[in-house]
Amino acid sequence: MDSPRLSRRLLRSVLPALALALATAGLAGTEGTAPADAAPMSQAAATATTTFSDEFDGAAGSAVDGSKWQIETGDNVNNHERQYYTSGNKNAALDGQGHLVITARKENPANYQCWYGTCQYTSARLNTSGKFTQAYGHVEARMKIPRGQGMWPAFWMLGSDIGQVGWPNSGEIDIMENVGFEPSTVHGTLHGPGYSGSGGIGAGYTLPNGQAFADAFHTFAVDWAPDSITWSVDGNVYQRRTPADTNGNAWAFNKPFFLILNLAVGGYWPGDPDGSTAFPSQLVVDHVRVTTNDSQPPATGGRITGLAGKCVDVAAANTANGTPVQLYDCNGTDAQKWTVGADGTIRALGKCLDVASGGTADGTKVQLWDCNGTAAQKWAVSGARDIVNPQANKCLDVTGNNSANGTPLQIWTCAGTANQKWTVNG
């Protein structure tokens, strides 16, 4: 990201307590759960399994569910934010209509002290540390973000080992951040060793036609697999990152993370509020959901359908190395029955879906080949219905957007188009 953004690290007053909580809780019952990607397909379901969900149902004024969330308190000098995060339901409460409302106010009812003196604002920050962590899957929140100069809402994750290794070695996945001076744009960013703070790796997504995110609810999500993270807004993929993007630095994202929701006021990146900023300001959260990676074929084999409802097919059911993989009318033959191995391969007729010669260029054909464990045979299936080769950082694509029988498949830069959308076991 080109902005002069600094770290969204844990509050200075919270980090020691969090480290203690991590050490004492041991994250039992969550960190030890194997992600769906790592499980043999004979143990995986054909559809996603929900591992965390909060629909924020409850009486108006109620605090969040303490079995799912803990409330952080204090200020944050790291980013020079202006708010003091309060406890309980003072700034984070249910609205009685199925929403969590995080409210930033221009007030200081308890003479809170911040890094710059007497605090000028209050707000709230929640996390699931010690209560829920997960490695890999589909992570999403449906939210309506506030507008206004100096507002900084965020939905993000930190590595659950932060108490042991510190930041940025823990890794940070920013699923959605918005700064008030960009009402039409949100950002997704990775932070890790050698690419943190203003050097984070990310991109922005901008709504068309001058629409503002504050005007409606939107769903912000990542699809996360070993060595691959994909960001989307309302199902529209806008970036994908792999270890190839870290410039030789360690990829810090193949381990469990916990969730964070907060609404900051001011800071280095958004700047401080001004006379145009309206208070109170609210981040309204409709739901937060985490599932295991979905859309995986069953162990017995299932079809993969795409453009015009046609199937991914091995040409003439030929098992020879180099046989083209194509689009064809679905017919239930073994040439159209695909399974996923525990190693991330996609297989039919006893062989693997393979990128020809391990190519990474747009237009490289895909084929059937002996399974050999190379990166040319690794695939990730996202909740946005992309099938991605992480080595190339490109999507499985129907050549020329042509739905005719026999059209060969290839890899191509992911564009979210119909010829790159697939339904596994569909």
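The legends below describe several close-up views of a predicted model.

Residues are numbered from 1 along each chain as its sequence is written, and side-chain values use heavy atoms, with hydrogens and water left out. Because the model is predicted, local features need pLDDT of at least 70 and side-chain atom pairs count only at pLDDT 80 or more, while totals for chains, interfaces and linings use all residues.

**Figure 1. Overview of the protein.** The protein has two helices and 31 strands; these are DSSP runs numbered from the N terminus, helices being H or I of at least four residues and strands E of at least two. Of its 426 residues, 55% are buried, where buried means under 20% relative accessible area, exposed over 50%, and partly exposed in between (1.4 Å probe, protein chains only). The accessible surface is about 15,600 Å², and carbon and sulfur atoms account for 48% of this surface; the areas come from the Shrake-Rupley method with a 1.4 Å probe, and for residues only the protein chains shown count as cover. Among contacts (heavy atoms within 4.5 Å) between residues at least 6 apart in sequence, 70% join residues at least 24 apart.

**Figure 2. The disulfide of Cys114 and Cys119.** The structure holds four disulfides, a disulfide being a pair of cysteine sulfur atoms within 2.5 Å. Cys114 and Cys119 form one of them, with an S to S distance of 2.0 Å. The torsion about this S-S bond is about 110°, so the disulfide is right-handed. Both Cys114 and Cys119 are buried. With the bonded cysteines numbered in sequence order, the pairing in the protein is 1-2, 3-4, 5-6, 7-8.

Figure 3. Cys352 is joined to Cys371 (S to S 2.0 Å). Cys352 lies in strand β25 (residues 351-355) and Cys371 in the loop between β26 (366-369) and β27 (380-381), so the link ties together parts that are 19 residues apart in sequence. Cys352 is buried at a relative accessible area of 0%, whereas Cys371 is partly exposed at 31%. The other disulfide shown joins Cys395 to Cys414 (S to S 2.1 Å). Here Cys395 belongs to strand β29 (residues 394-398) and Cys414 to the loop between β30 (409-412) and β31 (423-424), 19 residues apart. Cys395 is buried, with 0% relative accessibility, and Cys414 is partly exposed, with 23%.

**Figure 4. The nonpolar cores.** In soluble globular proteins, nonpolar side chains tend to be buried together. A nonpolar core is a set of buried Ala, Val, Leu, Ile, Met, Phe, Trp, Tyr and Cys residues joined through side-chain atoms within 4.5 Å. The largest core has 51 residues, and Leu100, Ile173, Phe253 and Val288 have the most contacts inside it. Strand β18 (residues 257-265) gives the largest share of this core, five residues. Apart from it lies another core, of 26 residues, including Leu307, Ile346, Ala348 and Leu368.

**Figure 5. Salt bridges around Arg240 and elsewhere.** The structure holds 13 salt bridges, each a side-chain nitrogen of Lys or Arg within 4 Å of a carboxyl oxygen of Asp or Glu. In one of them Arg240 pairs with Asp386, the closest N and O atoms being 3.5 Å apart. Arg240 lies in strand β17 (residues 236-241) and Asp386 in the loop between β27 and β28 (387-389), so the pair ties together parts that are 146 residues apart in sequence. Both Arg240 and Asp386 are buried. Another salt bridge joins Lys337 and Asp334 (3.6 Å, N to O), and Lys337 is partly exposed at 37% relative accessible area. Salt bridges that share partners connect Arg240, Asp386 and Lys421 in one network.
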